[in-house]
Amino acid sequence: MGAYITDTSTADVLFQLNNRFGPGAPLDEMVTIQKEFQVFSERYSLKQAFRLLHIVPADFTERRFWFVFLEALKNYVSDQEGISGHDRIVRAYQENLEGARPLPVHTTTHRLADDRRVMVTQGHPIIYEPQEYLTISIPTKPAAESLPRRAAAEARRTG
Amino acid sequence: MAAADAVEGDLKGKRPLSGSAVDAPDPDAIWHRVQAYYEAKLARHGANPCDVDWSCTATQWLRFVQLLKLCSFDTPLSLIDLGCGYGALAAFLAERYPRASVDYLGIDLSSAMVRRARRRHRGNPAIRFRIGRSYPQQADYTVASGIMNVRLGCPIPLWESLVRGTLADMRRMSRQGFAVNFLAMLPVNTPPEMLYCPHPAIWSRYCEEELGCKSK
């Protein structure tokens, strides 16, 4: 995410994602939303789904970059052969929320340099909680390495 | 049906009602305060779910789905949407029940909201909006989403008298039935005096015993 949105916005959207898909009432609500509207399905892109769920950076300028990032996930690889990072995430949410035993979803990041793939696993990412989670990990380049490039691209765009 | 986590951060810095609205139990002062609250939010967020205290479009729609379970869309019907805001329910109806014949009337305290709603649904004669709290005529159904939640420091006995009056009006003006929702639990970090979170059973019992309704 660092290449697209600032560290502050990354922390902001991760906080929102982990709250909205957290255990208990938030997860129950997401299960109901999925049942009613199929927010995570082939009908909607991640950009559309997160817009519908209002999971966006508080900063309006950053929102545009967040949506660009979500679209860019279509070009990311995933831990499933032939499935893009974007589709892997959509399917992970869909299968989990529509499954017999939906798990809360923990979204995190890992260094792009270590692994270029979007990873989806199951386990206990929060060490002080016995709760099992579905974990979605997104390859990320630190913003400090990427933002100068973004600024240059933005400068080129605006002339 | 309960509208949990419907209210977000804006209430945190809000002061409770003071002066005349608390000392004298004047419903008009309270409604005026509620109107000002939503108009300030409209100015800040624009016409979207956050403006009317929903966390997102999907949670707002979820409440509409629940409230509209009351209605049978097989035959033409008339519907009053009390506290209609910027007309989100009218848009949802068109999206969710495109073939249904609904004579829709949205009523809201806020003239700014109604202006937005009229602009949004301009050109559709089956969708009308009205400013205020009064009903011009009976309808088959009346629904109200989230209007009982934000009390802005109004003392609970007074707020409950307003809820009683609102429910009685909805009952009187609905030929087939009416549906409302309440906040199930207080959102984190929200001052309790700003919101009203009753046990819904209290109001189900009121509707059954006092208004002669069958509640679901």
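The model is predicted, so local features are reported only at pLDDT of at least 70 and side-chain atom pairs only at pLDDT 80 or more, while totals for chains, interfaces and linings use all residues. Residues are numbered from 1 along each chain as its sequence is written, and chains are lettered from A and ligands numbered from 1 in the order in which they are written.

Chain B contains seven helices and five strands; helices (H or I, at least four residues) and strands (E, at least two) are DSSP runs, numbered from the N terminus. Along the sequence, these elements of chain B follow the pattern α-α-α-β-α-β-α-β-β-α-β-α. Of the 216 residues in chain B, 39% are buried. A residue is termed buried if 20 or more other C-beta atoms, placed from the backbone, lie within 10 Å of its own, exposed if 12 or fewer do, and partly exposed in between. Two residues are in contact if their C-beta atoms, placed from the backbone, lie within 7 Å. Among contacts in chain B between residues at least 6 apart in sequence, 75% join residues at least 24 apart.

Strand β2 of chain B (residues 102–108) is largely enclosed by the rest of the structure, because five of its seven residues are buried. Strands are said to pair if DSSP finds at least two bridges between them. Strand β1 of chain B (residues 77–82) pairs with β2(B) in the parallel sense over six bridges, and B:Leu77 stands opposite B:Val102. The chain passes from β1(B) to β2(B) through helix α4 of chain B (residues 88–96) in a right-handed β-α-β crossover. A crossover is right-handed if, with the strands pointing away from the viewer, the path from the first strand over the helix to the second runs clockwise. Strand β2(B) is also joined by five bridges to strand β3 of chain B (residues 127–131), again in parallel, with B:Ile127 as the bridge partner of B:Tyr104. The crossover from β2(B) through α5(B) to β3(B) is right-handed.

Helix α2 (residues 27–45) and helix α5 (residues 111–120) of chain B pack at about 50 degrees, with their axes 8 Å apart. Axes are lines fitted to C-alpha atoms, for helices over the stretch in contact, and angles run from 0 to 180 degrees between N-to-C directions. The angle makes α2(B) oblique to α5(B); angles under 35 degrees count as roughly parallel, over 145 as roughly antiparallel, 65 to 115 as roughly perpendicular and the rest as oblique. In this packing, B:Tyr38, B:Glu39 and B:Leu42 of α2(B) meet B:Ala112, B:Met113 and B:Arg116 of α5(B).

B:Met148 lies in the loop between β4 (139–144) and α6 (156–173) of chain B. This residue, B:Met148, counts as buried because it has 24 C-beta neighbours inside 10 Å. Not counting residues up to four places away in sequence, B:Met148 touches B:Val163, B:Val180, B:Phe182 and B:Tyr196.

In chain A, four strands form an open sheet of mixed pairing in the order β1-β3-β4-β2. Strands β3 (residues 117–123) and β4 (residues 133–140) of chain A pair in the antiparallel sense over five bridges.

The contact between the chains takes ten residues from chain B and ten residues from chain A.
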